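Open the model in your viewer and keep the selection panel at hand. The tour goes stop by stop, with something to select at each one.

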Amino acid sequence: MAFSALPRPDMLAPQPVEATKVSNLPPAGKHPAPPLRGTSGETGDRLFKFAMLLCGLAVLAMLGLIVYELVLRSGPSWHAFGFKFFAGHDWDPVNEKFGALPFIYGTLVSSLLALLIAVPLSIGVAVFTTEMCPAALRGPLSFFVELLAAIPSVVYGLWAIFVLVPLLSNYIQPFLSTTLGWTGLFTGPPYGISMLAAGIILAIMIIPIISSITREVLMVVPQHQREAALALGATRWEMIRVGVLRNARAGIMGGIILGLGRALGETMAVTMVIGNRPEIAKSLFAPGYTMASVLANEFSEATGDVYLASLIEIGLALFLVTIVVNALARLLVWTVTRGQPSRANA
Amino acid sequence: MPSPKTSKASPLHTVAPIALRRRITDHVMSGVAVLTVILVLVPLFAIFAYLIYRGVGSINWAFLTQTPKPVGEAGGGMANAIVGSGFILALASILGVPLGVGAGIYLAEFGRNRFGDVIRFTADVLNGVPSIVIGIVAYAIVVLYQKHFSALAGGVALAIMMIPTIARTTEEMLLLVPQALREAAYGLGIPRWRTTLSITLRTATSGVITGIMLAFARVAGETAPLLFTALGNQFWNLKVNEPTAALPLQIYTYGLSPYDDWHRQAWAGAFVLIVLIVTAVSAVRFAVRRGTFGAA
């Protein structure tokens, strides 16, 4: 990297400039070390450092501002309901009775469903790209998976409405209800719009995140772990299981939790397919509602202080949960890839 | 399977052949890994193929040049939303890019300490804050003071999302610049601020731009934070203080509407949006590959 940096013309440019500056100075004479720029450089440095510090502080300030505004604006709801807000079933804007339980349930169930689908697939893809894939295929494959991450959420939602939902209601839901209907998870009319649809579209959206972090973590597993396993007579799968996956499990866990954080906060695609009904139903075919969806649907139309404050309190709860989940994930990924900058979220 | 015990084993044959069960497991797991790749790629191709199929079929000149027709009437387009999206993104970039790059410079040049770690961790955590929550904050700090929805509020929301990403990538790119280069500059008597701006930052330009473009691409498709900040608009608007149309918002509204013509336009909008984003990302990949630092 250093070699490729050197021949760049812009690299050499400052040298003649400085050289002329130095030669323009009065000859040194008696003064052995003339001050090249006087104290202006020092002042400039101090100002520069201060300005950059302000930019750095802006990052802290943003987090502070988010917490401050959410806590401040959710006050009325907190005073009206207290902790019961998170246990209440009712969401009745007309009578100003608000309980967030159906939304919390919807967020948790849809995200866990997404993880259930996405985790095995993501780990499979990561293992394939790092351990089995021919080198020529590796670049395009990871590029395509990254491309999935570049698609906006609203486009996923659009695709889900026009392709996934009809597919579910015509083929997958009837099939599931005849084969697995006895579990109680797959009962009810197959409308397509459902908790199941939300879980599937979320899974498609978080696979790139989990698989790219898993890939990154697998790549920092030292090569000699693999060689040691193979030298003991392990097959390739045994080598991957014992030598690679076991060493990387903290980092993989971090990737999974990061995916969970994304799923919890995902708004548009879920709002478009989950059905938006604040009910708690056991069946995955029933419509649901998530914390992010209720914000998307009702925030701009919320009338009344308590209504708005209740919505903001849901936002605050969502924020706190994702902060904890993300912090946990970062710590786990850091323990594995420590010393190497992470590019997973770029 | 012949057992090795039957023949008189020479020392070379004392290692037992890999048991059949283990070999089958090996093949099965390889098959499973390939299967997962296929399962992941199928929806990707399905989404792209369907998007191109519907998008190309739906796009026309009117879509790119006209504003929306009244509800239920066929025709019209999203020209105002395309321009509005560009406008909001420009506002977001003006606010977010200098702050993000500055924070990145601080982290790389002055932040190799505990305090820098705090900022670094905060930026990483901010990256994971749901966009809808950022929307609430922009609503609280801009819309509530202005008393109405505006392009500025949308820009602020998107800027808040851009800053942490830009800060972290800028930092990474600056750290890739060899220390010897900085020392050479100091040796010539160049002040530190000048070294950072004209030498370190300039060397890392292509990487820093990559980070900015990735942040840009990420927020370009964001819908949730615009729902109650920029709000959307059926008409042209290029005023900072007025509600403004945005492409993702229009896709959302039209996609959920009951009209076939609006569905068609939603797909056309999605196609335009994806083309813009993919162009940005590929341009970045191209620029990085021929730039000095290819490590992005």
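A crossing counts as left-handed if the near helix is turned anticlockwise from the far one by less than a right angle, and as right-handed if clockwise. Keep that in mind for the helix pairs below. This is a predicted model.

**Stop 1: chain A as a whole**

Select chain A and switch to cartoon. Chain A shows 14 helices and two strands. It has 346 residues, and 44% of them count as buried. Now look at contacts with a separation of 6 or more in chain A: 74% of them link residues 24 or more positions apart.

**Stop 2: α7 and α9 of chain A**

Select residues 135-150 of chain A, helix α7, and residues 195-219 of chain A, helix α9. Their axes lie 8 Å apart, and the helices pack at an angle of about 140°. Which hand does the crossing of α7(A) and α9(A) have? The crossing of these two helices is left-handed.

Show side chains at the contact. From α7(A), pick Ser142(A), Val145(A), Glu146(A), Leu148(A) and Ala149(A). They meet Ile207(A), Pro208(A), Ile209(A), Ser211(A), Ser212(A) and Arg215(A) in α9(A). Colour by class: the contact of α7(A) with α9(A) has six nonpolar, three polar and two charged residues.

**Stop 3: Ser122 of chain A**

Stay in chain A and select Ser122(A), which sits in helix α6. Is Ser122(A) buried or exposed? A residue is buried if 20 or more other C-beta atoms lie within 10 Å of its own. Ser122(A) has 29 other C-beta atoms within 10 Å, so it is buried. Leave out residues up to four places away in sequence, and Ser122(A) touches Ile207(A), Ile210(A), Ser211(A) and Thr214(A). Draw a C-alpha to C-alpha distance from Ser122(A) to Arg215(A): it reads 9.1 Å, for two residues 93 apart in sequence.

**Stop 4: the largest nonpolar core**

The largest nonpolar core has 187 residues. Which residues have the most contacts inside it? They are Ala160(A), Ala197(A), Ile201(A), Val273(A) and Ile163(B). Helix α9(A) gives the largest share of this core, 17 residues.

Centre on Ile201(A). Beyond its neighbours within four places in sequence, Ile201(A) is in contact with Tyr156(A), Ala160(A), Leu164(A), Ala269(A) and Val273(A).

**Stop 5: the contact between the chains**

Show both chains. The contact takes 80 residues from chain A and 91 residues from chain B. Select residues 20-58 of chain B, helix α1: on the side of chain B that touches chain A, this helix gives the most, with 20 residues. By class, that side of chain B has 65 nonpolar, 19 polar and seven charged residues.

Angles of 65 to 115 degrees count as roughly perpendicular.

On α6(A), the contact residues include Pro120(A), Leu121(A), Gly124(A) and Phe128(A). On α1(B), Ser30(B), Val34(B), Thr36(B) and Val40(B) are among them. The contact of α6(A) with α1(B) divides into twelve nonpolar, three polar and no charged residues.

**Stop 6: Gly31 of chain B**

Select Gly31(B), in helix α1 of chain B. Gly31(B) counts as exposed because it has 10 C-beta neighbours inside 10 Å.

**Stop 7: chain B as a whole**

Chain B has eleven helices and zero strands. Of its 296 residues, 52% count as buried.

Finish on residues 114-127 and 151-176 of chain B, helices α4 and α6. They pack at an angle of about 135°, with axes 8 Å apart. That makes α4(B) oblique to α6(B). Their crossing is left-handed. Ala123(B), Asp124(B), Leu126(B) and Asn127(B) in α4(B) meet Pro164(B), Thr165(B), Ala167(B) and Arg168(B) in α6(B). By class, this contact has four nonpolar, two polar and two charged residues.

Notes: Residues numbered from 1 in each chain as written. Chains lettered and ligands numbered in written order. Predicted model: local features only at pLDDT ≥ 70, side-chain atom pairs only at ≥ 80, totals over all residues. Helix = DSSP H or I, 4+ residues; strand = E, 2+ residues; numbered from the N terminus. Buried ≥ 20, exposed ≤ 12 C-beta atoms within 10 Å, placed from the backbone. Contact = placed C-beta atoms within 7 Å. Nonpolar A, V, L, I, M, F, W, Y, C, P; charged D, E, K, R; others polar. Axes fitted to C-alpha atoms, helices over the stretch in contact; angles between N-to-C directions. Core = buried A, V, L, I, M, F, W, Y, C linked by C-beta atoms within 7 Å. Parallel < 35°, antiparallel > 145°, perpendicular 65-115°, else oblique.
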